[in-house]
Amino acid sequence: MDHTQENEILIATQTYCVERPIYSYPALHGKLHKKDKVSDPIGDKIKRALSCTPKKIRNIIYMFLPICKWLPAYKPREYVFGDFVSGISTGVLHLPQGPFAVISLMIGGVAVRLVPDDMYVGGGGANSTNGTEERDAMRVKVAMSVTLLSGIIQFCLGVLRFGFVAIYLTEPLVRGFTTAAAVHVFTSMLKYLFGVKTKRHSGPFSVVYSTLAVIANVKKLNICSLVVGLMCFALLLGGKEFNERFKNKLPAPIPLEIVAVIIGTGISAGFNLEESYKVDVVGSLPLGLLAPATPDSSLFHLVYVDAIAIAIVGFSVTISMAKIFAVKHGYQVDGNQELIALGICNSIGSLFQTFSISCSLSRSLVQESTGGNTQLAGCLASLLILLVILAIGFLFESLPQAVLSAIVIVNLKGMFMQFSDLPFFWRTSKIELTIWLTTFVSSLFLGLDYGLITAVIIALMTVIYRTQSPTYTVLGQLPNTDVYIDIDAYEEVKEHAGIKIFQINAPIYYANSDLYNNALRRKTGVNPALIMAARRKALKKHAKELGTQGKPKSSVVKVDAETGGEEEAKQEEQNEENAKPMTIDSLVQKTFPAELERFLPPGPNVHTMILDFSQVNFIDSVGVKTVSGILKEYGDVGIYVYLAACSAQVVNDLTRNRFFENPCVKELLFHSIHDAVLGAKVREALAQQEALAPPPEEDSEPIADPEE
């Protein structure tokens, strides 16, 4: 027997016994003393907010320079080799492209829209070359403006603590979104793998157009480029499988990406693949850095919509990948920190004629899969890129594009494995499956910007649907315990005679209050409107029977002329009184008269309804009116309604909405379901004792005064 089974047996055999009074809300809070909450004066709050303490300075430094926090805790023996290999691999992968294909396409789309080819490039010749240079220079200005504006937006959102929006990116949404992004990246790599020239597409359905363009040009594919890519593909897949199988025996993973780049560059240079077989290679890499320049702010009014979209998509991709790695490696992510970092990078980078950055799926996966542990891997990758730009770019000019595309595609394997989420969500939650699928489909076909907006809207709609259509349950007691669970789930659970316990697992608010009222009647089988109608019908039948049991119609009653009218009026008034339905007070305070029971149809003999609010986290004004109506409707037919296990927030909501305007209503609140059940039983027992007790005898003679 293992340790877990021993613990389960030990827990199952333990018992506890508690003896305490039945706690209604007034009884419990009558024994408690609230703590006095003294709020600080406004002056003290302002002084504290403006104070400069070492702790506050340290937190500000950590916010803008996180390296000051994690670098002192760096473990060289554990991290340095993995960071070195990861940084080199990621840096090499960065050489021929921008950081993220989708962001690159979005910025390229803005540049092409504002600066089309026909604006500068003419029919050819020397002027055509000059026009191309002018066009490219203008497109760089557009990219700089978009980057600066998107960086300002991201930084401001981070300072204003808008990173909380990351909580709306639920795990199914994140996984569907990143899977769609992986498909976008995959399709953008196909033309390099096949060695074909296609037009660049962006916007909605760009993934479809890009795929169709590759298929349309498949007859023009470069066999040599495809062979090189497939060889690299096989090398990487086999090597990663080897690394995974023998990871416990290897001192460190084999840096396959570096090996593939070295072999690919060597083969391409040795056999001159570019000239002999027309294989696309990285080509000439310009050396040196451009001089800083100020972005053109006059373009802001033309690009602000695109800047907002790029800022949102860039943050969403970054936080999505960060969440995936955080779950995998057991740490937390601060959305505000990510916004500030992206904002600073984009704002400062735009001064050096760069365009907006984001988290690259492929390069992030390469960095993680090759052993990267800390940000030093990213720093090393950046230093390698800087070294290439300044000095050694010529070494990578012969690197085939097909090798890089194979590296990217292989490292997207983890993203594509997320398709296995579909059967899991099918078994566990159809709603989460819907979020995953709609996020994937919308992000795939509408683009990541519009797809993300669509996905968030759908995710919010599912939240509304869940609260609007919650689970309603009738509870029963596990015998000899204070445990109350679903009566439809377990055979051992039993209901108390005359008591119905109704539970909702959602807040009660305007969207589901009517549904709650209807579900209460349907699930418990107790409908006050039907009971009231049945009782009225019984009263009429009773009154009719009393009328037929009187004197025969043929008998003639002589009435005195002077008193007959008055007696007849009294009789009619008495008949009308008998025909009236019982009042609310009479129905609540005493049971239905025994002589009328035979006129009632058979039905549940329920005297108490207990509304379990243990899973209700708030209730709005509409919900309070609904609950008040329930109390009145059931009270009209003599059924008490108790509220059990209300949280402090729910009690505050009830108080603010004047639910306790009648102080006696507080007596209907109980600390737990079991308190409410016991309270109902005590009440019924006292009512039966009063009903069985003989009426008090009246003294025939007055008591004499002792002084007389």
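**Contacts, a helix face and salt bridges**

Colleague: What share of the contacts with a separation of 6 or more comes from residues 24 or more positions apart?

Modeller: Those residues account for 81% of such contacts in the protein, a contact meaning heavy atoms within 4.5 Å. This is a predicted model, in which local features need pLDDT of at least 70 and side-chain atom pairs count only at pLDDT 80 or more, while totals for chains, interfaces and linings use all residues. Residues are numbered from 1 along each chain as its sequence is written, and side-chain values use heavy atoms, with hydrogens and water left out.

Colleague: And how many helices and strands are there?

Modeller: The secondary structure comes to 30 helices and six strands, taken as DSSP runs numbered from the N terminus (H or I of at least four residues for helices, E of at least two for strands). Buried residues make up 39% of the 708 residues, where buried is under 20% relative accessible area, exposed is over 50% and partly exposed lies in between, with a 1.4 Å probe and protein chains only.

Colleague: Let's look at H11. Which residues are buried there?

Modeller: In H11, residues 206–216, the buried ones are Ser 206, Val 207, Ser 210, Ala 213 and Val 214. Seen down the axis of H11, they fall within an arc of 130°, so they line one face of the helix; the arc is that of the directions from the helix axis to the C-beta atoms. Ile 215 and Ala 216, on the other side of H11, are exposed.

Colleague: What do the buried residues of H11 pack against?

Modeller: They pack against helix H10 (171–194) and helix H22 (430–446). Ser 206 counts as buried because its relative accessibility is 7%, and, leaving out residues up to four places away in sequence, Ser 206 touches His 184 and His 201.

Colleague: Where does Phe 205 lie?

Modeller: Phe 205 is in the loop between H10 and H11, and at 39% relative accessibility it counts as partly exposed. Phe 205 and Gly 447 are 242 residues apart in sequence, yet their C-alpha atoms are 6.9 Å apart in space.

Colleague: Switching topic, how many salt bridges does the count come to?

Modeller: The count comes to 12, a salt bridge being a side-chain nitrogen of Lys or Arg within 4 Å of a carboxyl oxygen of Asp or Glu. One of them joins Asp 675 to Arg 20, with the closest N and O atoms 2.8 Å apart. That pair links distant parts of the chain, 655 residues apart: Asp 675 is in helix H30 (residues 673–692), and Arg 20 is in the loop between helix H1 (3–13) and helix H2 (25–30).

Colleague: Is Asp 675 buried or exposed?

Modeller: Asp 675 counts as buried, at 3% relative accessibility, whereas Arg 20 counts as partly exposed, at 39%.

Colleague: How far apart are Lys 632 and Asp 636 in helix H28?

Modeller: Lys 632 and Asp 636 are four residues apart in H28 (residues 621–636), so about one helical turn separates them. Their side chains meet in a salt bridge of 3.4 Å, N to O, and Asp 636 counts as buried at 14% relative accessibility.

Colleague: What about Glu 684 and Arg 683?

Modeller: The side chains of Glu 684 and Arg 683 also meet in a salt bridge, at 2.6 Å from N to O, and Arg 683 is buried, with a relative accessible area of 15%.
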